[in-house]
Amino acid sequence: MKAFTEFIGTFIFFFVISLVGNQEGPIVPLAIGGALMAMVYMGGHRSGAQYNPAVSLGLFLQRKLDGKQLAMNVIAQILGGLLAFYLGFYMTGH
């Protein structure tokens, strides 16, 4: 369940980045920050809302995450990010 939460959170966060990443203006950082904030509220109590393999590795090195959960989180985060950018590219062409 934690890895699924990481997948969904990473997917939505990166999907927003892929949709507004080629835009200009003051709303772009607000959209990205708002998406991250919403995903942290959505998954923080469930998985810790890491959404980044480097953060997961840091928690593993601090012994707050075991090896199995680290591997599952990293795989879920990478798959979520790849799927989000693929879908964003398919929708926008950028």
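I began with the packing of helix α1: its buried residues (under 20% relative accessible area, 1.4 Å probe, protein chains only) pack against α2 (27-47) and α4 (67-92). I am working from a predicted model, where local features need pLDDT of at least 70, side-chain atom pairs count only at pLDDT 80 or more, and totals for chains, interfaces and linings use all residues. Residues are numbered from 1 along each chain as its sequence is written, and side-chain values use heavy atoms, with hydrogens and water left out.

Next I looked up α1 itself. Helices here are DSSP runs of H or I with at least four residues, numbered from the N terminus. Helix α1 covers residues 2-20, 19 residues in total, and spans 27 Å from first to last C-alpha, close to the expected 27 Å (1.5 Å times one less than the number of residues). Among its buried residues I noted Thr5, Glu6, Phe11, Phe13 and Phe15.

Then I turned to Ser47, which sits in helix α2. I count Ser47 as buried because its relative accessibility is 9%. Its side chain makes a polar contact of 2.6 Å with that of Glu6 (a pair of N or O atoms within 3.5 Å, one able to donate a hydrogen and the other to accept it; residues adjacent in sequence count only if both atoms are side-chain atoms). Setting aside neighbours within four places in sequence, I found Ser47 in contact with Lys2, Thr5 and Glu6 (heavy atoms within 4.5 Å).

Last, I checked Tyr90 in helix α4. Tyr90 counts as exposed because its relative accessibility is 64%, with the cut-off at over 50%.

Key. Helix = DSSP H or I, 4+ residues; strand = E, 2+ residues; numbered from the N terminus.
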